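Biologist: Could you take me through one part of this model at close range, and then show me the sheet it belongs to?

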Amino acid sequence: MLLAQAHGTTVEDELLASGEIDETLYFEALADILGLDFMPAIDPGRVQDIEGLDSQIVWPELLRVHHPSRAPVTVIVPSLGRLSELAALLERTPQLRPSLAVSTPAAVREAVWQAGSQRRVSAATRSLFETAPLHSARITFWGKQGFYAGVMLCIMAAAAAVLPLLSLLMLHIVLTLFYLANFLVRLYALGCAFLQEPVRMAAKPPDATSPLPVYSVLVALYKEESVAAQLVHALDQLDWPRSRLDIKLICEEDDAATIAALRALRLAREYEVVVVPVHMPRTKPKALSYALPGVRGSYVAVYDAEDRPHPGQLREAHAAFTAAPQHVICLQAPLIITNARQSWWSALFALEYAGLFRGLLPMLSLTGLPLPLGGTSNHFRTMELKKIGGWDPYNMTEDADLGLRLYRLGYRSRVIFKPTLEEAPISRTVWLGQRTRWFKGWLQTWLVLMRKPGQLIGEMGWLAFIVFQILIAGLLLSALSHPFVIGFLAYLTWLMLEDGTHADDWLTFWLFIGDIVNIFGSYAVFVSLGLNPMTAREKRATGWRWIFVPVYWLAMSVAAWKALAELRENPFSWNKTPHVPVGNHSES
């Protein structure tokens, strides 16, 4: 009774959520009290996919089940509070009994998910493109983008053939400016981190007497049977009333191993396994979009299969949403890598994530600039997320795309501070596949936003537009050009050594200085921005392996060039990152 009053629920909800009462036995008992048939499972083939059907995956109450040889049966999910009213109705009109049956909320949801699966998966892949084609990456080059790209390539090729030295000089200058802009943005973020502790939002706790809202959690899984138990254990630790949780584990229909692993765990009542029909594209954002109509929480969080979110993260997000203006519809929690000791790949990954999630993104949040979100630990206001169309199923970095899209639509994102723990790739092959997918998604995101640059400037404002170019275009161009900039530096060094201790040509001298600042300054700010927010334990785990930053950046260049090739040949292929359970190597 006390829990029901505190959570704004019913005694029935709290008992079922506690796990002390089996849901099937409970509703079978209610059916006996009412004198109705009990239907523990519902054949989805006998459920018509009619308008309004999806309301029953949010709040299951009644469902029409058809039979080929007799009248349809209305399946109901009775509640204890209305049991006496329903019993009185059946007493007055006993002829209703043959047309009614009782089932469980889980059985109704499962039947509805399956009955409307083809319509729903088709809508998940088409909806954004049909309602807001300007925001969808389904078409790689929009309108005249392909034409302009072809013209630019032809001009560059012709200039390189006719005026090779001048073309090389102009390319050098352009790359130097982009590199310098990227360096300065990260240097500013580093300065903010050094000069002041990040100002945390004045998120006063919500009124303790007000019941907490339903909070939904979405996790897309594919070939994740090895981490299924770890994921459920981590989600079980979330500090939120179980009766107010709605956790959806989203699996692909042909991933029998993961589905079997989840069902073998005997999941609590707040969990639901959502099965997505096989449909192209096979991407995480498509799976999330498929499950979005079934979300019943006022807020929704997105996690990855290998994530271990801080138990208090939902509480912090709820407090931040309550304190923030209504146009703040997204919160990003930091990701912390816990296996930095395993390899120099994971050590550099940990350094990169520390600089991004605890350095750069807090700076962007404080200055009101757009946040290219991380792929996990995003928290949203559900109504607004649905309003803007959810995730783009065709974008390989649906997170960055969504963060920038919501900004241009007038919404804002901020950061919170309770982290999510993750494992980084430890091998070159896995890291390269993941990073190639990311670069391909950033290319898609830049192309989508740049379909109408003038309109984008009007929506974002000049400052945000410039920062977007630095963060996305600058990142892409820096990665693609990194070997060339090193080559330029080596060439200018050779020229200056040939001429003596200094260069007579002032342009050569300043380009040399620019290359020195860009290359070594970027390395230094990358390392400093990453090490600054790390704990002593994290720094020990990373150790001396920050010296591999130049190799790491060259590897990013390889990934960027692979992404460019994939964007043309196979734009919607999803390079899956395999995960393994956390071992004794974790540092946090």
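Modeller: Happy to! Let's start at Asn378, which sits in strand β12, residues 378-381. Keep in mind that this is a predicted model. Asn378 has a relative accessible area of 3%, and since the cut-off for buried is under 20%, this residue counts as buried. What does Asn378 touch? Leaving aside residues up to four places away in sequence, its contacts are Val300, Ala301, Val302, Leu331, Gln332 and Leu373. A polar atom of the Asn378 side chain also lies 2.9 Å from the backbone oxygen of Gly374.

Now step back to the sheet. Strand β12 is one of seven strands in an open, mixed sheet, ordered β7-β6-β5-β8-β12-β10-β13. The edges are taken by β7 (271-276) and β13 (412-415); each has a single partner strand, so one side of each is left without a neighbour in the sheet. From one strand to the next, the twist averages 25°.

At the β13 end, β10 (residues 328-332) pairs with β13 in the parallel sense, over four bridges. One place to look is Val328, whose bridge partner in β13 is Arg412.

Two helices are worth a look as well. Helix α12 (residues 284-291) lies across β5 (215-221), β6 (245-252), β7 and β8 (299-303), and runs at about 135° to β6. Helix α16 (residues 398-408) is mostly covered, with eleven of its eleven residues buried; among them are Glu398, Asp401, Arg405 and Tyr407. Just after α16 comes Gly410, with a positive phi of about 100°.

Definitions and conventions: Residues are numbered from 1 along each chain as its sequence is written. This is a predicted model: local features need pLDDT of at least 70, side-chain atom pairs count only at pLDDT 80 or more; totals for chains, interfaces and linings use all residues. Side-chain values use heavy atoms; hydrogens and water are left out. Two strands pair if DSSP finds at least two bridges between them. Axes are lines fitted to C-alpha atoms, for helices over the stretch in contact, and angles run from 0 to 180 degrees between N-to-C directions. Contact means heavy atoms within 4.5 Å. Buried means under 20% relative accessible area, exposed over 50%, partly exposed in between (1.4 Å probe, protein chains only). A polar contact is a pair of N or O atoms within 3.5 Å; within protein, one must be able to donate a hydrogen and the other to accept it, and residues adjacent in sequence count only if both atoms are side-chain atoms.
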